[in-house]
Each structure stands twice: as C-alpha cells, then as structure tokens.
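Subject: Handing over a structure

Hello,

Here is the structure I promised to pass on. My notes follow below it.

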Amino acid sequence: MKAGGDARERKRFRLPKIADTEPVRLPVRRRHRTRTAGEAGQSLYVQMVLLLLGAFTVAVSFNLFLLPNGIASGGVTGASILVERLLGFTPALTQWALNIPLFLLGLWLLGRRFAVKTILGSLVLPLFVLLTAQWPSPTQNPLLAAIYGGIGVGIGLGLVFRARSSTGGLDLAAQLVHRYTGLPLGLAVACLDGLVIAAAGFIISPENALYALIGLFVTSKTIDIVQTGLLVSKVAFIISGKTEAISEAILHELDRGLTKLTALGGYTGESRTVLMVVVGQNEVTRLKLLVQSVDASAFVIISDTAEVLGEGFKR
C-alpha cells in the first residue's frame with residue numbers, strides 16, 4: 001500500500017481531540033438486581049409448603065366431617081360425594097376424573113401460566129383424600145360436621161390461595177365460564193356450587209343441602225380470615241377546626257403517623273383538613289379520648305380495615 005494511502009487510513013480512524021479540561025465520560029453499565037437462586041428457591045419452597053399443607057387440611061376435613069355426613073358443599077369434592085352416594089365410586093378417583101379433564105381444558109384455553117399454578121393442587125388434593133380415607137369421623141352430627149368441615153376446608157383453601165395456587169376443580173370451570181360468557185367470576189363460582197348443593201338436595205336429602213349451605217358459608221368466611229388475619233385494625237377520619245393540635249397529640253402522645261387530606265365542606269364549600277390515622281384495635285379508646293381532650297366537638301369516623309401493610313403494622 002502506498003504511503004499516501006496509509007496517511008488517509010490513519011486520518012480516517014483518527015480519534016477526535018479532547019480538551020484537557022473536559023472530563024471524559026464513559027458509558028456506565030447499570031446493573032439490574034435480580035433475585036438470587038436462594039431467594040427464588042426460598043419463595044418457591046414456602047409456596048410449596050403452603051400448597052401441600054393446605055391441600056392436606058382440605059383432604060382431612062373432607063374425610064373427617066363432610067364425606068361421612070353427606071355434606072356436599074359445592075366444588076369437585078362435593079360432586080365426588082354425590083357420585084359416591086349414587087355409584088359407589090371412591091371420591092379421590094372421582095376428583096381425579098373431574099380435575100384432569102378440566103385442567104387440560106384450562107391449559108388449552110387459558111394458557112401455560114394458568115397451568116403452572118394449578119397442576120400440582122389438582123393432583124395432590126385427591127391423593128391426600130385417598131391417603132386419609134380410612135380416618136374415622138369424630139362426629140355424626142351434620143351441623144357440627146358442616147361447621148367444622150367448613151372451617152377446615154376454609155383454612156386449607158386459604159393456605160392454598162396464599163401460595164398463589166389452586167386446587168383446580170370447579171374453580172377452573174368457573175374461570176372458563178367467566179372468560180367466555182362475561183359472567184362475574186364470583187357469580188360463576190356461586191352458580192356452580194349452587195348446582196352441586198341443589199343436586200345434593202335431590203340425591204341425599206333437602207336437609208343435607210341446607211347443612212351444605214352452612215358449610216359453604218363457613219368456608220368462605222374462614223378463607224377471608226386466613227387471607228387477611230384475625231387482627232383487625234381501625235382507620236379513623238377526624239374532622240376538626242383544631243387539626244394541628246390533634247396532629248401533634250397523635251404524633252407525640254399516641255405515637256402514630258397520620259395523613260392530612262384536603263376536603264371541601266358539603267354545605268359551606270370551604271376547604272378543610274381531614275386527618276386519617278390507622279391504629280390497632282386496642283388503641284381506639286386512647287385515640288377517642290385524645291381527640292376529645294383537644295376538641296370535644298370534633299367529628300370522628302372509625303371503621304374496620306381488614307389489612308394494613310407498612311411501618312408499625314404487618315410487613
């Protein structure tokens with residue numbers, strides 16, 4: 001290559017001059033924090049434990065209370081009781097026979113993401129039902145069976161839901177009905193459970209169907225308790241002309257944080273400050289006395305709040 005060509009090549013690849021006083025800024029590669037294998041494994045481990053413990057609790061409650069007393073309180077477990085009464089099939093086999101086709105249909109129509117959260121629960125619950133089938137029932141009273149069976153099933157399902165999973169069954173059918181008909185999910189679940197309970201009224205007896213309704217009600221309330229906890233906090237809204245003094249008292253004497261909300265009076269149209277404070281159930285009396293000592297004419301609204309996350313409460 002000629003010398004002139006070498007010069008042109010050097011000029012072509014020559015770096016621009018940088019002033020001595022100008023700082024050189026190099027691109028910085030930002031590191032995005034990802035969950036370590038230990039963190040992901042621990043989370044998955046906890047979810048697996050909750051799922052297995054919840055499915056086992058449902059199975060034990062089913063065999064100890066619901067099945068011996070014919071309490072078909074909805075779902076595939078309730079349907080398996082009806083099949084056992086009609087045809088004599090083992091409930092666990094009936095549950096597998098219903099869960100597996102529903103799971104495959106859900107996998108086809110709802111996708112893989114749905115399947116991952118459902119497959120284990122759909123398979124392991126009937127297995128636990130089969131393994132505990134010979135455990136003796138502690139009561140032959142259908143009312144006690146409906147109450148305690150509903151509590152046990154509610155605890156088990158609450159644990160499964162906390163594991164972000166499902167036991168399959170008619171919940172899958174309800175999701176399909178919801179997706180392809182537009183019917184609200186809660187109403188779809190209620191309709192399918194209602195069909196099972198109505199069938200129990202014809203196959204077993206109307207009285208057993210009434211007990212099944214009690215069991216279904218107890219189950220739903222127990223699930224709520226497991227999901228939100230037994231400790232109910234209180235949220236208070238305080239309207240007063242002495243909000244600053246009340247704020248100071250709450251912050252320093254009650255040692256609770258608060259939020260100031262801007263509101264408009266419905267009658268006067270004037271702007272005013274509303275204090276919002278969340279306290280434990282045992283602090284409600286102290287809060288009321290504190291507000292009354294500062295402003296006896298303050299308007300206070302106190303109501304239940306199911307769950308509070310943050311500093312000073314559950315994390």
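What does the accessible surface of the protein come to, and what percentage of it belongs to carbon and sulfur atoms? The surface comes to about 19900 Å², and 62% of that belongs to carbon and sulfur atoms. Accessible areas come from the Shrake-Rupley method with a 1.4 Å probe; for residues, only the protein chains shown count as cover.

Before the details, a note on how to read them. This is a predicted model, so local features need pLDDT of at least 70 and side-chain atom pairs count only at pLDDT 80 or more, while totals for chains, interfaces and linings use all residues. Residues are numbered from 1 along each chain as its sequence is written, and side-chain values use heavy atoms, with hydrogens and water left out.

**Overview**

The protein has twelve helices and four strands. Both are DSSP runs, numbered from the N terminus: helices are H or I with at least four residues, strands are E with at least two. Of the 315 residues, 38% count as buried. Buried means under 20% relative accessible area, exposed means over 50%, and partly exposed lies in between (1.4 Å probe, protein chains only). Among contacts with a separation of 6 or more, 71% are between residues 24 or more positions apart. A contact means heavy atoms within 4.5 Å.

**The sheet**

The four strands form an open sheet. Their order is E2-E3-E1-E4, and the pairing is antiparallel. E2 (259-264) and E4 (299-305) stand at the edges with a single partner strand each, so one side of each has no neighbour in the sheet. Neighbouring strands are turned by 25 degrees against each other on average, direction ignored. Strands count as paired if DSSP finds at least two bridges between them. E2 and E3 (residues 271-279) are joined by six bridges. Within this pair, Ala263 stands opposite Arg272 in E3.

**Helices across the sheet**

Helix H11 (residues 243-254) lies across E1 (233-239), E2 and E3. H11 runs at about 15 degrees to E3. Helix H12 (residues 284-294) lies across E1, E3 and E4, at about 10 degrees to E1. For these angles, axes are lines fitted to C-alpha atoms, for helices over the stretch in contact, and the angles run from 0 to 180 degrees between N-to-C directions.

Look at Leu290 in H12. Is Leu290 buried or exposed? Leu290 is buried, at 11% relative accessible area. Leaving aside residues up to four places away in sequence, Leu290 touches Ala249, Ile250, Glu253 and Leu254. The C-alpha atoms of Leu290 and Ile250 are separated by 7.6 Å, though the two residues are 40 apart along the chain.

Asp255 is in the loop between H11 and E2. Asp255 is not a glycine, yet has a positive phi of about 60 degrees. Asp255 is exposed, with a relative accessible area of 63%.

**Salt bridges**

How many salt bridges are there? The count comes to four. The rule asks for a side-chain nitrogen of Lys or Arg within 4 Å of a carboxyl oxygen of Asp or Glu. Three of them are worth a look.

- Lys234 and Asp304 meet at 2.3 Å, N to O. Lys234 lies in E1 and Asp304 in E4, so the pair ties together parts 70 residues apart in sequence. Lys234 counts as buried, at 17% relative accessibility. Asp304 counts as exposed, at 52%.
- Lys260 pairs with Glu244, the closest N and O atoms being 3.0 Å apart. The pair links E2, which holds Lys260, with H11, which holds Glu244, 16 residues apart. Lys260 is partly exposed, at 43% relative accessible area.
- Glu84 pairs with Arg85, with the closest N and O atoms 3.9 Å apart. Glu84 is partly exposed, at 29% relative accessible area. Arg85 is partly exposed too, at 40%.

**A nonpolar patch**

Which residues form the nonpolar patch on the surface? They are Leu44, Met48, Leu52, Ile100, Leu104, Leu107, Ile119, Leu120 and Leu123, with about 690 Å² of accessible area together. Helices H2 (37-69), H4 (91-110) and H6 (119-131) each give two or more residues to the patch. Patches are made of residues with over 30% relative accessible area and no salt bridge; like charges are joined within 9 Å, nonpolar side chains (Val, Leu, Ile, Met, Phe, Trp, Tyr) within 5 Å. Ile119, in H6, is partly exposed, with a relative accessible area of 37%.

Best wishes
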